[in-house]
Amino acid sequence: MITSDPLTFITLAPIALGLTLLILPHVAPASMADYIRKIARSLSMGLALAIFAITSALFLGQIGNIDWLDIMQGDYVLQNEAVVLLDEIGVRWVVGVDALSFPMVWLTAMLIPVSMLVEWDAEKGHIFHPLILIMEGALLGVFVVLDLFVFYVFWELTLIPMFFLILVWGGAERRYASMKFFIYTFTASVLMLIGILVMYFNTGDASLAGSLTGHHFDLVSMTAQAAGGGLIAGEGLRHFVWILLLIGFATKMPSVPVHTWLPDAHVQAPTAGSMLLAGVMLKMGAYGFLRVAVTIFPESTVVFIPLLIVLGMVSLVYGAIVCMGQTNLKRMVAYSSVSHMGLIFLGIATMQPLGIAGALFMMFAHGIISPLLFAVAGSFKHHYHTLEIGSMRGIAHHSPWLAGHMMIGWMASLGLPLLAGFVAEVAVLIAFWMTFGWLVLLPALTLIITAVYYLTSMQKTIFEGGDPHVGILPESLHGEEPRDITWHENAGMFVLVAFTVLFGILPFFFWDMMSDWSTEFMLETLVDAMNSKGVKP
Amino acid sequence: MLTVDEMENLLPEMALVLGIILAILVPNIGNATFRIPLTRIRVPIFIGGKRYKTTSDPRLPGRMSIAVFSVALFFSFFGIEGASGEIGGVIEISSFSRMMSVVFFGSLLLAAVATTYRMPARPSARAPRERDTESRAEALVAALMDNRRQVDFHLLLMMVGLGMSLMAMASNLFFMFVAIELTSLAAYVLVAFHKEEAVGGEAGAKYFIVGSVSSATGIYGMSLVYLWSGDLDFDALAAAWAAMDGLDPFAVIGVGLMLVAFGFKVSAAPFHLAAPDAYAGASSPVAGLLATASKAMGFVALFRVLIEVTMPEEGEALWFCLLALIAIVTMTWGNLAALTSENPKRMLAYSSVAHAGYMLAALAAVGSGLGDASTTKLVLIAIVFHLTILVLFKFGAFLVLGLLETEGRSHRLEDLHGLARRDPLIAGSMFIFMLSLAGVPPLSGFLSKLLMINGIINISAGTGSTTADAIVPWAETVDPVFWLAIAIVLNSALSLFYYLRLCLVMFFEEPEVSKPLRRAGHLRRTILVLAVLSVFFGIGAGAEFLLDLVETAVAAM
């Protein structure tokens with residue numbers, strides 16, 4: 001199964017193992033239950049590493065060598081033989097990846113072991129690590145399945161482990177945060193479900209259709225039908241469905257004005273939870289938006305370009321301005337995510353291959369950098385018991401490793417050349433300039449605000465101190481001498497730093513496939529839509 | 001006298017009759033007096049002395065009724081395929097009636113299992129204390145070891161089962177009413193059986209008064225129908241209805257009055273007002289029974305009268321507008337009332353009203369006359385499937401409340417606080433039940449709702465303008481039936497709030513009692529099994545199997 005259908009394996013194996021490790025201790029005899037609890041952490045890590053190895057091998061052996069300009073829209077590699085899950089309503093298990101989803105798959109497979117490593121000593125590890133494993137399966141499922149029913153199920157399934165990660169391992173306000181997180185994202189996804197159902201009731205491919213309903217959830221077939229102009233007849237209804245999908249995806253991303261759950265969830269979540277939330281879960285929104293809303297309704301997307309620009313611009317600027325006012329390190333990093341996600345909307349709104357590729361690379365680079373930021377913030381919380389900017393100063397003296405990681409992370413996030421974030425920002429901004437001319441000054445100048453809040457927070461935390469040899473230690477330490485970060489935190493952050501530098505210097509590993517995919521996407525989908533709407537390509 | 005073939009066809013009912021007889025006789029074995037069930041009257045029979053220990057065992061009646069319902073469920077389940085037969089001109093056995101029997105016996109079996117743990121011999125029975133005198137203590141122990149009350153309860157359950165099963169097989173209006181009355185009378189007593197709390201008797205009285213008034217209305221309607229046609233056989237009525245020239249006032253008023261009786265059974269607005277009180281006052285297993293089996297029975301009656309008798313060959317049925325209106329009012333009223341409810345049982349009761357609204361909406365869509373035979377069948381499959389799986393998650397939710405009742409009350413939302421901490425598995429199951437009620441994929445509740453909406457949309461298909469390019473002009477051209485689907489979708493979205501609220505208090509609030517939940521062995525296991533089945537019948541092989549079964553059943557209607 002691993003060789004014949006690797007995507008199914010990497011999706012279902014973690015869920016199966018995670019559930020087994022969670023349930024088995026409740027039903028097994030006591031001695032065996034203890035043993036299972038003991039090895040749960042290692043087993044989870046083992047499988048997570050195995051999945052990382054599989055996806056990396058796939059990339060190096062097969063996916064990295066594909067010329068994506070030859071792959072037509074709607075074609076997927078590694079696609080499996082479809083398994084009918086429910087014939088009556090037309091649900092099938094179909095998985096496949098293309099250049100849009102594979103970077104996300106690899107990113108998820110890479111981040112899961114890293115976040116497990118960073119929280120290697122988590123309390124109740126025999127529950128914590130299997131939960132993260134279930135999370136991995138759900139996240140990978142969202143990126144690989146090509147059936148909207150199963151897509152929705154995985155989409156909702158990601159909520160459950162994350163909900164428990166926040167509720168059980170979170171900070172003092174964890175109840176409020178997890179409830180807000182759950183209600184926001186769940187309500188939004190219900191609206192998305194309504195949109196999916198409207199699409200469902202307009203499908204008509206008889207070979208896939210359910211025996212009772214006469215419709216199906218197959219995404220590939222829906223895309224083909226939409227390209228033929230036959231998915232939803234009325235344009236008004238198409239716009240309506242597009243808006244429903246946008247609400248679902250934008251809440252996950254999150255974009256202003258539906259972003260307010262994010263700072264609370266991040267501040268309260270445990271480190272690994274924050275890393276996955278920022279690293280992958282936010283990307284689900286952008287991925288779903290491109291995969292479903294933009295691909296199936298390109299004309300609506302063209303019509304709503306002004307809306308996308310407003311949403312993106314407000315998220316970018318508002319997020320950055322709010323960042324400047326934050327006194328909590330983690331909250332600041334959370335708002336910076338809102339700000340960076342705004343760039344993705346702007347990149348899509350440019351309707352240039354470069355802009356879309358930039359948005360894709362933004363998803364990827366932010367998926368490496370923001371977990372690094374949250375790992376740093378988590379380590380501060382862990383070792384200094386506070387996240388207040390300014391309550392601790394001159395930390396570089398006490399925790400040189402942490403200070404080093406913080407510096408690289410902060411620099412990468414503000415867009416320093418040769419680090420991964422720069423590539424994405426430059427691509428989006430150039431594309432923005434090509435389309436909208438001098439309007440580019442608005443997002444470009446926002447990057448100055450970004451630099452301001454990152455540099456001040458860094459300076460106030462790791463450099464400046466009363467006595468250069470001691471610094472100022474926060475009161476929460478009660479006079480104790482802090483130690484530098486543990487080996488596993490250090491190792492996890494090292495991996496992230498390495499990838500940040502690698503993809504900053506050599507972005508073409510993933511940039512090439514993203515750029516080819518965007519070109520193909522423009523040519524086959526968006527150009528026609530722009531022509532029909534009278535927008536100059 | 002019944003022939004062997006006929007007896008074979010009636011095996012589940014035979015099992016019930018046998019069970020009823022045994023439940024009357026067995027607990028008296030060894031005693032010198034014979035107690036007439038449900039009374040305190042003892043008839044001397046002059047043989048024997050004291051009852052044996054086994055025959056006065058409080059666990060005996062529960063075991064008997066579990067065995068009887070299991071046997072009946074077994075025979076009905078394996079009788080679905082290829083069931084056919086006609087007995088005495090009033091009973092017609094078909095796959096459909098057997099499928100409905102499976103629903104009835106399934107929920108009765110759950111009620112029987114759930115009751116074994118929690119029914120004290122007398123409402124006020126208690127264990128003896130140290131300061132009690134010796135004779136007083138002995139009397140208290142004897143009261144605890146008595147099984148009279150359990151016998152009565154399970155006897156009533158079996159009578160409910162017999163009535164429901166016969167009702168599903170009735171091919172004659174009169175016989176159907178008799179069967180419904182058998183069920184209803186037993187159900188009134190079951191509701192009032194919850195004497196541990198003051199509200200029990202009140203609930204029983206309310207349910208009895210409203211129920212008997214609605215029954216009387218229905219029977220009056222039936223008599224008008226008889227005046228009109230002179231025959232109460234469904235086939236004859238259908239023929240007479242089809243041949244009717246214009247509208248005969250007797251026929252129309254008669255059918256309308258009968259709808260009142262059935263509307264009460266399915267708790268459709270405005271006849272639902274007694275339902276929340278009855279559910280909240282009854283013990284949880286009985287409330288679950290009313291919300292699943294009793295509702296299914298009401299729908300069978302509606303199928304018979306609306307689809308089989310009064311549905312015209314083509315064109316709109318007489319009742320279309322009325323039923324569509326009732327459906328929308330029912331679901332909206334149910335959901336709005338549930339939103340404001342602070343009592344989990346009342347909340348579930350109103351949610352059950354809302355679910356009746358969804359099913360009525362689907363049924364009303366059939367009455368629009370726009371669909372053909374296949375779309376009608378699709379809608380009926382959706383309704384029967386929904387009735388079937390409601391037994392899993394609706395009853396499951398009531399069983400969780402029943403488990404809470406074993407240690408006190410479940411009348412306030414606070415009783416559910418922190419359930420996740422006290423018993424994670426039960427809280428997880430309740431979470432699944434709630435999501436399934438709300439209709440979240442991939443749970444079975446979503447599948448049935450999708451099928452209902454799909455049925456309605458298929459019926460309205462082809463009415464909307466294909467050239468309109470904005471929503472408003474398109475909406476003006478589409479048939480009103482389409483808006484029933486929209487009403488279901490909007491109401492489902494509304495219902496999420498109270499279902500999730502119930503879940504949130506389980507996970508977020510501090511429990512009032514911090515000790516773990518009582519481990520009531522097989523009640524707990526039953527809940528877990530129901531939770532697994534709610535997922536199993538939602539996607540994959542399980543759902544296909546059940547849908548095939550329902551399809552067979554509906555094809556036989």
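A:L418 is exposed, with 12 other C-beta atoms within 10 Å; here a residue counts as buried if 20 or more other C-beta atoms, placed from the backbone, lie within 10 Å of its own, as exposed if 12 or fewer do, and as partly exposed in between. The model is a predicted one, in which local features need pLDDT of at least 70 and side-chain atom pairs count only at pLDDT 80 or more, whereas totals for chains, interfaces and linings use all residues. Residues are numbered from 1 along each chain as its sequence is written, while chains are lettered from A and ligands numbered from 1 in the order in which they are written.

Although not a glycine, A:L418 has a positive phi of about 75 degrees. The residue is placed in the loop between helix 17 (400-414) and helix 18 (420-436) of chain A, helices (H or I, at least four residues) and strands (E, at least two) being DSSP runs numbered from the N terminus. A:K124, likewise not a glycine, adopts a positive phi of about 50 degrees and lies in the loop between helix 3 and helix 4 (125-144) of chain A. A:K124 is exposed, with 11 other C-beta atoms within 10 Å.

Cis peptide bonds occur from A:M253 to A:P254, with omega near -15 degrees, and between A:V256 and A:P257, with omega about 10 degrees. A:P254 is located in the loop between helix 9 (235-252) and helix 10 (261-268) of chain A, and A:P257 is also in the loop between helix 9 and helix 10 of chain A. Most residues other than glycine have a negative phi, and most peptide bonds are trans.

Within chain A, helix 3 (residues 102-118) and helix 15 (residues 353-384) pack at an angle of about 10 degrees, their axes 10 Å apart. Axes are lines fitted to C-alpha atoms, for helices over the stretch in contact, and angles run from 0 to 180 degrees between N-to-C directions. The two helices of chain A are therefore roughly parallel (angles under 35 degrees; over 145 is roughly antiparallel, 65 to 115 roughly perpendicular and the rest oblique). Residues in contact, with C-beta atoms placed from the backbone within 7 Å, include A:L107 and A:L111 of helix 3 and A:F364 and A:P371 of helix 15.

The contact between the chains takes 27 residues from chain B and 24 residues from chain A. On the side of chain B that touches chain A, the largest share, 6 residues, comes from helix 20 of chain B.

How values were computed:
Two residues are in contact if their C-beta atoms, placed from the backbone, lie within 7 Å.
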